[in-house]
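I opened my notebook to go through this structure element by element and to write down what I looked up. The entries follow in the order in which I made them.

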Amino acid sequence: MACIVSCQNFKNKINKKAIARVNETYLYQEDIKELIPKNISDVDSISFINHYIKTWATRQLFIDQALRNLTEKELKEFDDLVEDYKSTLYINAYKNAVINKSINMEITEPDIKTYYDQNLENFNLNEELVKLRYLHLPPDYDNIVATQRQLNRFNEEDIEELETNKQEYLAYSLNDSTWIRLDQVLNKTPILKKQDKTKLLRSGKYMQLRDSTGVFMVKIKDVLKRDTQAPLEYITPIIRQIILNKRKLELVKKIEIDITKDAVENKQFEVYN
């Protein structure tokens, strides 16, 4: 049987076309065939192959040097690490396949609200949040006074008018119903960094600033400061991910219990006293 296997391996090597060798290790044409990018010229293909061969050879020479110079103990430790890593990859791939097939991905609003109410102490803010609307107008913008009034008052007619003229703005945000991190606002509007943060963080605050790029109009609708409770609508994506991760962990535990139980029942797993 050993001879049959050995002869077959020898026959397979003969049928392959070697394109490079490092000591007793060969690189075959079929090993590299699928790696060559499609739709490249013959010149580029040759260049790619030559580069790959050089990289392969350098890597293989290092491996051979390591095998000659490392101790038996070191080699065994590395082999054990490789086996452990390979086993971990297999196990995780199987677990993920079962999880993706079995997990309940539906997370309802009541699920989120219940988790939020039960874990309020975990949802204090470590950053300032604001709801705001703002405009960045060109330096020569004509309708400053009317636009300021519309942004401040912000009734239905004002919103319609501002939306109609938005192609004239350099930048804008009229959605003041969403909580945004203050540092995100400051990074997007650097001129605000020069302002006193305590004055900036006031509900109802209106600011109008100018620099060489134009006029900035900012209306702070609402503010949440550090160490206050994070609003549910802001924290919802995080809670959704927490609930999903919790379900995954519970499913993994069940898989581990079931696979061991089934193995015992089917006489695949025994412990000898």
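I began with helix H10, residues 232–265, in what is a predicted model. I noted that H10 has 34 residues and that 47 Å separate its first C-alpha from its last, close to the 50 Å expected at 1.5 Å a residue.

Next I asked which residues of H10 are buried. I listed Ile235, Thr236, Ile239, Ile243, Leu244, Arg247, Leu251, Val252, Ile255 and Ala263, and I recorded that these buried residues pack against helix H4 (72–102) and H5. After the end of H10 I came to Lys267, which follows the helix and has a positive phi, near 60°.

I turned to the strands and found that S1 (residues 18–22) and S2 (residues 25–28) run antiparallel, joined by 4 bridges. Val22 has Thr25 in S2 as its bridge partner. The two strands form a hairpin with 2 residues between them, and in this turn I noted Asn23, with a positive phi of about 55°.

Last, I checked confidence: the mean pLDDT of the protein is 91, with 95% of its residues at 70 or more. Where is confidence lowest, and where highest? It is lowest in helix H1 (residues 2–15), at a mean of 50, and highest in helix H5 (residues 109–118), at 96. Over residues 1–6 the pLDDT is below 50, and beyond near neighbours in sequence I found 0 contacts for this stretch in the model.

Terms used. Residues numbered from 1 in each chain as written. Predicted model: local features only at pLDDT ≥ 70, side-chain atom pairs only at ≥ 80, totals over all residues. Heavy atoms only, no water. Pairing = 2+ DSSP bridges. pLDDT = per-residue confidence, 0-100. Contact = heavy atoms within 4.5 Å. Expected span 1.5 Å × (residues − 1). Buried < 20%, exposed > 50% of the residue type's maximum accessible area, 1.4 Å probe, protein only.
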